[in-house]
Amino acid sequence: MKKNIYKKLFILQSEIGGISKDATNPFFKSKYFDINSLIGQLKPLLQKYNLVLLQPITDNYVRSVIHDLDGGAVESAIKLPKNLDAQKLGSAITYYRRYTLQSLLALQAIDDDGNLAV
């Protein structure tokens with residue numbers, strides 16, 4: 001069954017195209033994917049192929065899991081840092097949700113600012 005999810009994801013990736021970075025970080029003067037906008041852009045395609053996105057936090061990991069309603073699942077996860085106050089923890093969760101999903105689907109950004117990370 002897992003072979004089927006890879007076929008669906010292969011087709012889905014070809015239909016996604018570039019994802020718009022539609023939010024601005026005023027501190028770094030850079031653009032990024034807003035998690036709600038990113039999910040909004042992906043949801044119709046996920047539904048089209050009977051795929052469900054879940055982003056649970058388990059065992060101190062933020063996970064992006066795509067389940068195929070016909071069987072199978074794929075996952076990407078990042079471990080949360082320790083000893084964060086509630087505000088920083090919330091920011092880390094949002095950041096990790098965005099990047100586990102971006103990594104899982106190998107999403108390409110339009111207007112990429114990856115050189116800022118160097």
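Accessible areas here come from the Shrake-Rupley method with a 1.4 Å probe, and for residues only the protein chains shown count as cover. With that in hand, hello everyone, and let's look at the protein above. The protein exposes about 7,500 Å², and carbon and sulfur atoms supply 54% of that area.

A quick word on where this comes from. This is a predicted model, where local features need pLDDT of at least 70, side-chain atom pairs count only at pLDDT 80 or more, and totals for chains, interfaces and linings use all residues. Residues are numbered from 1 along each chain as its sequence is written, and side-chain values use heavy atoms, with hydrogens and water left out.

Let's start with the overall layout. The protein has 3 helices and 8 strands; these are DSSP runs numbered from the N terminus, with helices (H or I) of at least four residues and strands (E) of at least two. Reading from the N terminus, the order is α-β-β-β-α-β-β-β-β-α-β.

How much of the protein is buried? Of its 118 residues, 33% are buried. Buried means under 20% relative accessible area, exposed means over 50%, and partly exposed is in between (1.4 Å probe, protein chains only). Now for contacts, which means heavy atoms within 4.5 Å. Among contacts with a separation of 6 or more, 52% are between residues 24 or more positions apart.

On to the inside. A nonpolar core is a set of buried Ala, Val, Leu, Ile, Met, Phe, Trp, Tyr and Cys residues joined through side-chain atoms within 4.5 Å. The largest one has 16 residues, and those with the most contacts inside it include Leu 9, Leu 12, Leu 42 and Leu 105. Helices H1, H2 and H3 (86-104) each supply at least two residues of this core. Another core, of 5 residues, lies apart from the largest one, and Val 62, Leu 80, Ala 92 and Ile 93 are among its members.

Next, charges. Side chains of opposite charge can pair when their charged atoms come close. We call it a salt bridge when a side-chain nitrogen of Lys or Arg is within 4 Å of a carboxyl oxygen of Asp or Glu. By this rule there are 4 salt bridges.

Which residues does Lys 8 pair with? One partner is Asp 68, with the closest N and O atoms 2.7 Å apart. Asp 68 sits in strand E6 (residues 61-68) and Lys 8 in helix H1 (residues 2-16), 60 residues apart. Asp 68 counts as buried, at 5% relative accessibility, and Lys 8 is buried too, at 10%. Another partner is Asp 70, at 2.6 Å from N to O. Asp 70 lies in the loop between E6 and strand E7 (73-79), so its pairing with Lys 8 in helix H1 ties together parts that are 62 residues apart in sequence. Asp 70 is partly exposed, at 38%.

A further salt bridge joins Lys 48 and Glu 15, at 2.9 Å between the closest N and O atoms. Because Lys 48 is in helix H2 (residues 35-48) and Glu 15 in helix H1, this pair ties together parts 33 residues apart in sequence. Glu 15 is partly exposed, with a relative accessible area of 33%. As for networks, salt bridges with shared partners join Lys 8, Asp 68 and Asp 70 into one.
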